[in-house]
Amino acid sequence: MVVEVRIYTLNPGTVRQFEENFEKGLPNRLKLSPLGAFWHTEVGPLNQVIHMWPYESTSERDRCRQEAYKTEGWPPDIRPFVESMESKILIPAPYSPPLESRRIGPVFEISTFTYALGSIPHVVKAWGDKIEARVAMSPLVGAWRSEIGPLNQWIHIWGYKDANERMNVRSESIKRGVWPPKLPPEASIQRQESIIVMPASFSPIQ
């Protein structure tokens, strides 16, 4: 399984129209492969939409994208709104849940941690040792390592009922020693980014 995450930065004030146009073209696109999730930013870089598409393999992704261009209404009428685009191919951790319909938000935190070369296998293991206790506190949408695009990235997404729950869970997890997992010296973090997003009305994950 692979996941493609696409991040579009839009012109200010166009997120709502972008989502409306995207939704119009979506039914025919979904005949080819499912949408995993669709969010827009609330805190962090504004005027961004993030959509995730799961595939069995990169070859299935390529096939679906080729077929999509032959599909009526796809790509949707979004070109006037888009300022820039970014795409990454991600590989899920063994404990990462499938991207499927769930109601676990509506506030989501997307974190992207960039590690030094050779660190990611240690991160995957350290998380695996602690993940059961952490997901008991709030649901994990997924955890992935980057395979194509910016490398050595560890991307994880968590769902919360509201901003207060997020703060309470973070404080309690540290207090109880549940989180974050302790990494070995071989795992060196270089950069951390975090954004708060909200789901579009048509996102399978709400």
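# Briefing: a barrel of strands and its packed helices

In strand β7, Gln153, Ile155, Ile157 and Gly159 point one way while Trp154, His156, Trp158 and Tyr160 point the other way, and all of these residues are buried. This is a predicted model, and in it eight strands close into a barrel in the order β1-β3-β2-β8-β5-β7-β6-β4, with antiparallel pairing. From one strand to the next, the twist averages 35 degrees.

**Strand β4 and the packed helices**

- Four bridges join β4 to strand β6, which spans residues 140-148, and these two strands run antiparallel; the bridge partner of Ile89 in β6 is Ile148.
- Helix α1 packs on the sheet, where it touches β1, β2 (37-43), β3 and β4, and the direction of α1 makes about 20 degrees with that of β3.
- Helix α2 lies across β1, β3 and β4, and α2 runs at about 50 degrees to β1.

**The largest nonpolar core**

- In soluble globular proteins, nonpolar side chains tend to be buried together.
- The largest nonpolar core here has 21 residues, of which Phe18, Phe22, Leu26, Phe38, Val49, Trp53 and Phe202 touch the most other members.
- Two or more residues of this core come from each of the elements β1 (2-10), α1 (15-29), β3 (48-55), α2 (58-68) and β4 (82-92), and α1 gives the most, with four residues.
- When neighbours within four places in sequence are left aside, Val49 is in contact with Arg6, Ile7, Tyr8, Leu10, Val15, Phe18, Glu19, Phe38, Trp39 and His40.

**Salt bridges**

- The structure holds 10 salt bridges, and one of them joins the side chains of Glu4 and Arg61, at 3.0 Å from N to O.
- Because Glu4 lies in strand β1 and Arg61 in helix α2, this pair ties together parts that are 57 residues apart in sequence; both Glu4 and Arg61 are buried.
- The side chains of Arg63 and Glu60 meet in a salt bridge at 4.0 Å, N to O, and both residues lie in helix α2, three residues apart, which is about one turn of the helix.
- Arg63 has a relative accessible area of 42% and is therefore partly exposed, a class that runs between 20% and 50%.
- Arg191 forms a salt bridge with Glu193, with the closest N and O atoms 2.8 Å apart; Arg191 is exposed, with a relative accessible area of 52%, whereas Glu193, at 37% relative accessibility, counts as partly exposed.

How values were computed. Residues numbered from 1 in each chain as written. Predicted model: local features only at pLDDT ≥ 70, side-chain atom pairs only at ≥ 80, totals over all residues. Heavy atoms only, no water. Core = buried A, V, L, I, M, F, W, Y, C linked by side-chain atoms within 4.5 Å. Buried < 20%, exposed > 50% of the residue type's maximum accessible area, 1.4 Å probe, protein only. Contact = heavy atoms within 4.5 Å. Pairing = 2+ DSSP bridges. Axes fitted to C-alpha atoms, helices over the stretch in contact; angles between N-to-C directions.
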